[in-house]
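Please look over the model shown here before reading on. My notes follow as numbered points.

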Amino acid sequence: MTQSEEYEKLSFEEAMIELESVVSKLDSGEGTLDESISLFQKGVILSKLCSSRLEEIEKKVMILTDNGNDAKKEVAFGDDSTTPGEKE
Amino acid sequence: MSAVFSVSELNHYAGEVLAADPVLSAVRVQGEVSGFKKYPSGHLYFSLKDKESQVNCVAFRGNAAHFSFVPENGMSVVITARASLYDRDGRFQLVVYEMEKDGVGDLFAAFEKLKVKLEAEGLFDVSRKKAIPKLPQRIGVVTSPKGAVIQDIIHVLSRRFPNFNLLIYPSAVQGSTAASEIKKGVEWFNKTELVDVIIVARGGGSVEDLWCFNDEALARSIYQSHIPLISAVGHETDFTICDFVSDLRAPTPSAAAELVMPEKSELLYAIHAKTDRLTRALLHSVAVRKNRLMFLSRSKALLSPLRRVEAESQRLDLLSLKLTHSLNRRVDSAARRIGKDIASLDALSPLKVLSRGYSLATNPMTGTCITSVTQITPGQPVQIQLADGLVDCKAEKTQPGRIL
């Protein structure tokens, strides 16, 4: 499994924590130049991942309606059909 | 015959009797409000009734202003009042000083009792509280789909994070079915796992309105929820059992929206700041190494091959100079010694002896010095060395033992 494939599984929160740890390690200035460069590359992947996680959330406002037999169905909220009658 | 009163006198007298009565001057009466009217003056007029009777009540503005709620028809209340007779039409009435909702005291007692019980069971333990996700992929809300609360939540979410994802479980939030509907909502979200955080929300209202959020079964289902749950009920000053048992209490529904969803711009800034630090750290790391390299490249250690040759050749020069000096010194001293030796050699030389009149006899055949007469046979040649030349002679005879 490559580094990016491994990171693909991280949530936004996990990726942010990982990014912070990579930055701190790189900040410490320890290790060889090769290690520093590999940390930097990790950091760039994580940073891109964090940004893309923010865009992955789909803008949606749904409301559940009864669909018989205790089942529920999602419909878009805000249509007249979902907020019948008076508005308080 | 008794005295005859005027109507005014009668009403006035009856009024005084009522005012003087120790019970009627400060009486507490429980009943249901009806015929409620608020006059522009600020005075409140209504009747208090039970199944059989009713009594007129008035609350003057000065007292009415201190009531904790506005009475409504049908509301069961307990008033503190004095009895009086309205002179003009001889009507018996109660002048109300204080009013409280009937049963409120009981409600508070029940609330406290349930709170103590659940707290003792550990339902409010901080250690059991789940963390609210930093970036919820989908938010579940159990609330009324009507009214301002859901609109406020949607508004705040849109402002903070335009592409938010919300799923509403519509529920009554007051009345007899509210607690069980809200509980079903919490359980439905836990069963379907469609959301990663739940908000239970309701706007402000009276203690009775919010009472469903003090339901024990609802509290337990919130405690059981494996999805983090935020309670956002009423105003900042309202506390319900749901608030205590939830993972996070938001003072209002709008505040819940603020708490549940981060500001997208702030997150982007945080990512940017970290990326920036990353780049600077790498550049710094490279710069540090570059400096170190420059420092090392100027150091003697790295220049050693050339430096050593130079140093060695200098040493060589020095050594050879020393060597030359010492050789010269040796040669000089040797020469001086040789001169001295030659001088003493000269003093010892046989030639010097010869020059003093001595001579040296040798056998010309062998070249050996003749130091004894026994070495000579008569008739043999003898060579005499004098200081200034040789004389070839022939031995005539030998005379051993004779000296001059």
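1. Arg202(B) has Val233(B) as its bridge partner in β9(B). The two strands involved are β8 of chain B, residues 197-202, and β9 of chain B, residues 229-233. They pair in the parallel sense over 5 bridges. Two strands count as paired if DSSP finds at least two bridges between them. Strands (E, at least two residues) and helices (H or I, at least four) are DSSP runs, numbered from the N terminus.

2. On provenance and numbering: this is a predicted model, in which local features need pLDDT of at least 70, side-chain atom pairs count only at pLDDT 80 or more, and totals for chains, interfaces and linings use all residues. Residues are numbered from 1 along each chain as its sequence is written, while chains are lettered from A and ligands numbered from 1 in the order in which they are written.

3. The sheet draws on both chains. It is open, has 7 strands and mixed pairing, and runs in the order β2(A)-β1(A)-β7(B)-β6(B)-β8(B)-β9(B)-β10(B). At the edges stand β2 (72-76) of chain A and β10 (248-249) of chain B; each has a single partner strand, so one side of each is left without a neighbour in the sheet.

4. Helix α4 of chain B, residues 148-160, packs on this sheet. It touches β1 (60-66) of chain A, and β6 (139-143), β7 (165-170) and β8 of chain B. Contact here requires C-beta atoms, placed from the backbone, to lie within 7 Å. The direction of α4(B) makes about 160° with that of β6(B). Axes are lines fitted to C-alpha atoms, for helices over the stretch in contact; angles run from 0 to 180 degrees between N-to-C directions.

5. Where do the chains join within the sheet? β1(A) and β7(B) pair in the parallel sense over 4 bridges. Lys60(A) has Asn165(B) as its bridge partner in β7(B), and Val61(A) stands opposite Leu166(B). β7(B) also pairs with β6(B), again parallel, over 5 bridges. There, Gly140(B) has Leu167(B) as its bridge partner. β7(B) is mostly covered, with 5 of its 6 residues buried. Buried means 20 or more other C-beta atoms within 10 Å of the residue's own; exposed means 12 or fewer; partly exposed lies in between; C-beta atoms are placed from the backbone.

6. Which residues touch the most other members of the largest nonpolar core? They are Val141(B), Ile199(B) and Val200(B), in a core of 47 residues. A nonpolar core is a set of buried Ala, Val, Leu, Ile, Met, Phe, Trp, Tyr and Cys residues joined through C-beta atoms within 7 Å. Leaving aside neighbours within four places in sequence, the contacts of Val141(B) include Ile150(B), Ile153(B), Leu166(B) and Ile199(B). A second, separate core has 18 residues, among them Phe12(A), Cys50(A), Leu278(B) and Ala281(B).

7. Val156(B) is in helix α4 of chain B. It counts as buried because it has 20 C-beta neighbours inside 10 Å. Not counting residues up to four places away in sequence, Val156(B) touches Ser254(B), Ala257(B) and Glu258(B). Its C-alpha atom is separated by 6.1 Å from that of Ala257(B), 101 residues apart along the chain.

8. Helix α6 of chain B, residues 216-224, has Leu218(B), Ala219(B), Ser221(B) and Ile222(B) buried. Seen down the axis, its buried residues fall within an arc of 165°, so they line one face of the helix. The arc is that of the directions from the helix axis to the C-beta atoms. Exposed Ala217(B) and Gln224(B) sit on the face turned away from the buried side.

9. Check Glu193(B), in the loop between α5 (178-192) and β8 of chain B. Its phi is near 50°, a positive value in a residue other than glycine. Glu193(B) is exposed, with 10 other C-beta atoms within 10 Å.

Definitions and conventions:
Two residues are in contact if their C-beta atoms, placed from the backbone, lie within 7 Å.
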